Each structure stands twice: as structure tokens, then as C-alpha cells.
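Here is a walk through one protein model, taken element by element. Keep the sequence and the coordinates side by side as you read.

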Amino acid sequence: MAATRKRTRSGIEDVRDRKAKVIKDSGEKRHIAALILARGGSKGIPLKNIKMLAGVPLIGWVLRAAVDSKQFDSVWVSTDHDDIEKVAKAWGAQVHRRSPEVSKDSSSSLDTIQEFARLNPEVEVICHIQASQETCVLTGGEERRYRTATSQEVKKGGSVATQPLNLDPCNRPRRQDWDGELCENGSFYIYTRATIERGLQGGKWAYYEMLPEYSVDIDVDIDWPVAEQRVLRFGYFGLDKPEVVRLLLCNVSGCLTDGRVLISVSGEEMVSVNTRDTMGIRMLQREGVEVILISSSEDPVTKALADNLSQRTGCEVRQLGKDIQGEVIAMMDNRDLDWKEVAYMGNEAPDVDCLNLAGLSAVPRDAPVVAINAAKYSCHSAAGLGAVREFSEHILLLKKKAKSQMEQDRIHRNTF
């Protein structure tokens with residue numbers, strides 16, 4: 001087994017080097033496909049692959065990185081589930097609808113990969129990316145843990161003892177004096193067609209070392225909050241830089257409010273606004289982000305309450321007609337803004353175009369599926385119950401992350 005040790009931030013970033021090598025070695029360009037296996041029958045976490053992780057479907061994190069890398073000739077999701085197929089297509093992937101024979105609990109990844117290769121003969125190299133990881137070459141991460149308690153069990157007579165796997169208990173080194181060991185993390189594997197056809201046996205192998213902060217397993221529910229913290233700090237959020245967001249357009253009904261209209265005994269119509277949401281709006285305003293509340297011209301309640309809403313939130317409240325996208329573009333032109341500088345929060349089918357076009361977009365937890373699939377962020381909170389505050393914090397977090405990266409880049413340029 002030939003192995004090379006290379007340590008870097010993210011495995012996806014090294015694919016371009018591997019792709020260049022494939023072209024060089026073969027003398028001609030070969031079709032390289034990214035393949036994510038996403039079966040609908042996950043036992044540990046039901047439908048784990050499309051569960052929201054920090055506002056994005058789990059599989060969306062992987063697909064966004066794969067598509068934006070521009071290093072694959074095609075990006076595929078292999079699934080047996082309708083909802084996973086819809087999400088995969090929404091994030092730019094092609095779908096391989098796997099057969100029932102390779103969709104069983106007993107089916108292996110190799111079975112599915114071989115089926116995909118057989119049905120797509122133009123593909124010569126497959127990069128198998130696992131959705132349950134933050135992102136033939138296999139990946140690993142360095143660990144500095146002594147494996148005594150988790151060592152292999154050795155049966156001696158009628159009792160069971162443990163045998164250390166990576167240390168001599170009589171000569172236990174200090175942690176700082178130990179180089180650690182490389183553990184396979186399963187983020188991605190790169191195979192040639194020939195290797196797949198012979199069942200991954202034989203040939204030369206290499207590994208790719210990833211930093212530990214870019215590797216986390218998601219197997220059970222308690223792994224989820226850890227993964228969310230990790231991805232918010234180290235995850236890939238797309239090609240557009242979030243710090244340029246200068247305008248947030250937020251729907252009143254179904255985003256700022258829960259969509260209900262309360263009618264009093266005397267016939268007065270009322271809506272409720274959560275103070276957490278109004279605080280989120282003011283947080284954005286303090287950071288220089290203009291916030292405009294929008295509503296349909298057919299919504300008489302919002303129109304009647306426009307002055308009160310404007311006074312409470314400090315925002316302009318604007319009624320839009322049927323051509324929402326056209327009116328939003330007019331607002332952008334008046335402010336000399338591009339779509340990447342606009343964040344949009346909506347909750348219905350008429351918002352889909354703007355949700356797709358905006359640099360950042362979000363929907364409340366209880367939005368319909370058509371809006372959820374178009375948004376770049378799905379809130380944990382429901383409409384009128386903190387969704388606007390959550391999206392506001394998400395925008396500010398991305399701005400802070402981007403500014404931190406810009407400062408780090410400046411330090412590097414000045415230092416070297």
C-alpha cells in the first residue's frame with residue numbers, strides 16, 4: 001500500500017490536484033464524478049441526509065462544496081427516497097435512483113457504487129463523498145488518544161481481558177511526546193473504475209490527512225449539536241462573501257408574524273410581533289444593514305398597521321404587487337446593489353425567485369416545501385416565534401466569520 005501524507009484544511013480542496021494528476025497520467029481528460037450515497041432508511045437518525053444542520057440540509061453542505069469546487073464533471077446523489085431526490089436537485093446535483101437490490105439495510109456502499117458505475121459507463125473516476133462527514137484516495141485525521149479502554153478484547157479462559165492497541169502501559173509516553181496515529185474518517189474516497197469493478201482490491205493507495213476541526217461523525221442525535229457548532233465555525237458557506245450584505249427584505253406575514261389575524265369582539269383586526277424578532281432587526285441596523293419589511297398589496301391588515309410596524313421596528317414597510325422580483329430589482333437599482341448584497345426572508349411560492357437569487361435567503365421552520373427548497377437557510381424557529389431573530393444572527397455570524405478571514409488574510413500578506 002503506497003501512502004502519502006499531506007495535511008491541509010479540507011479534502012475537497014485537494015481534488016483539483018488529484019484531477020490534474022488523472023489527466024496527466026492518462027494523457028487525456030477522464031470523466032470524474034462526485035457521488036454522495038443518501039439512502040432514505042437511515043436507522044440512527046431518520047432521513048438524516050436531509051435533516052437541517054445549521055439551517056442547511058445535511059447533504060446540502062456536501063453538495064455546495066462539490067458543485068462550487070468546479071473540479072467534477074458531474075455531481076450525483078444516489079438515493080431511493082423522493083424527498084432526498086428533491087433536495088439533491090435543489091442543490092444542483094443529478095440523481096441516480098438506486099434499485100431496491102442496493103437499498104436494503106444489508107446493502108454495502110460498494111454495491112451501490114458498482115451499480116452507479118455500471119449504469120454510467122462514461123464515468124472513469126468516482127469521488128465518493130459521505131454526507132455524514134463535514135465535507136483510490138481515502139481520508140484520515142490525526143488523533144492523540146491512548147486506546148486502552150477501547151482496546152480489543154482478548155478471551156482468556158472464562159474471562160475477558162483487554163489488550164492495549166497503541167501503547168505500552170509500562171512505558172506510557174507524555175501526550176506531547178507522541179506523534180499520534182492516523183485514523184480513517186471516511187469523508188471521501190476516490191476510486192478508478194477498474195478499482196471499483198474488482199471490489200476495491202489491489203492497486204496503489206494513498207491517504208489524505210485532514211485537520212481534526214474539519215472532521216466530525218454524525219451517527220446519533222447527540223452528535224448533531226456538536227456538528228452544528230463545528231460547521232458554523234469551519235464550514236463552507238458558498239462562493240459569495242456574506243460580509244457584503246447591505247439590505248434585508250423580510251416578509252411581514254408568515255415571517256415577522258405567524259400569519260394569524262386576531263379579531264376582537266368589536267371587529268378590530270390585530271397581529272402579534274415577537275420582541276425577539278424586533279431586537280434581531282435592530283441588531284442588523286446597528287451593523288449597517290438596512291431592513292425593509294415587505295408585504296402583499298392584497299394584505300389589508302399589514303397596510304393598516306404599517307405606521308405602527310415602522311415605528312416599532314425602525315424599518316420602512318413597503319407593499320409589493322404581483323411582480324415581487326421586479327419591484328425588488330427596482331429597490332436594488334435605487335441603492336446600487338447586486339443580488340449578492342441582498343438577504344431575503346420569505347415563506348411562500350411567490351418568494352421562490354427572490355429566495356433563489358438573493359445572496360442569503362431564509363424561511364421559517366413552518367414554511368411550505370417549495371420555499372424551503374429555494375432558501376439557503378431554514379430556521380429552527382417558526383414564523384412569529386423568533387425566526388427573524390435567528391436569521392439576523394445568522395447574517396451577523398457570517399459577516400463576523402468573513403471579517404475574521406479577511407483579517408487573517410491581511411496578517412498573512414503582511415507577514416510573508
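Two strands count as paired if DSSP finds at least two bridges between them. The model is a predicted one.

Strand 7 covers residues 123-129. Strand 7 pairs with strand 2, residues 31-37, in the parallel sense. Six bridges make up that pairing. Within it, alanine 34 stands opposite cysteine 127 of strand 7. Strand 7 also pairs with strand 11, residues 181-192. Here the two run antiparallel, joined by five bridges. Histidine 128 faces tyrosine 189 of strand 11 as its opposite residue. Strands of a sheet pair through backbone hydrogen bonds, either parallel or antiparallel. Strand 7 takes part in both senses, parallel with strand 2 and antiparallel with strand 11.

Now turn to helix 2, residues 58-69. Its twelve residues reach 18 Å from first C-alpha to last. That is close to the 16 Å expected at 1.5 Å a residue. Ten of the twelve are buried, so helix 2 is largely enclosed by the rest of the structure. Among the buried residues are Leu58, Trp61, Leu63 and Arg64. Ser69 is buried as well. Lysine 70 follows the helix, and its phi is positive, near 60 degrees.

Six strands form it, in the order 17-16-13-18-19-20, and the pairing is parallel. Which strands lie at the edges? They are strand 17, residues 316-320, and strand 20, residues 377-378; each pairs on one side only. Look at the edge with strand 17. Strand 16, residues 290-296, is joined to strand 17 by five bridges, and the two run parallel. Isoleucine 292 has glutamate 316 in strand 17 as its bridge partner.

Last, a pair of helices. Helix 8 spans residues 275-286 and helix 10 spans residues 306-313. Their axes come within 9 Å and cross at roughly 60 degrees. That angle makes helix 8 oblique to helix 10. Which residues meet at the crossing? Thr278, Ile281, Arg282 and Gln285 of helix 8 meet Gln311, Arg312 and Thr313 of helix 10. By class, the contact holds one nonpolar, four polar and two charged residues.

Methods
Residues are numbered from 1 along each chain as its sequence is written. This is a predicted model: local features need pLDDT of at least 70, side-chain atom pairs count only at pLDDT 80 or more; totals for chains, interfaces and linings use all residues. Side-chain values use heavy atoms; hydrogens and water are left out. Helices (H or I, at least four residues) and strands (E, at least two) are DSSP runs, numbered from the N terminus. The expected span of a helix is 1.5 Å times one less than its number of residues. Buried means under 20% relative accessible area, exposed over 50%, partly exposed in between (1.4 Å probe, protein chains only). Axes are lines fitted to C-alpha atoms, for helices over the stretch in contact, and angles run from 0 to 180 degrees between N-to-C directions. Angles under 35 degrees count as roughly parallel, over 145 as roughly antiparallel, 65 to 115 as roughly perpendicular and the rest as oblique. Contact means heavy atoms within 4.5 Å. Ala, Val, Leu, Ile, Met, Phe, Trp, Tyr, Cys and Pro count as nonpolar, Asp, Glu, Lys and Arg as charged, and the others, Gly among them, as polar.
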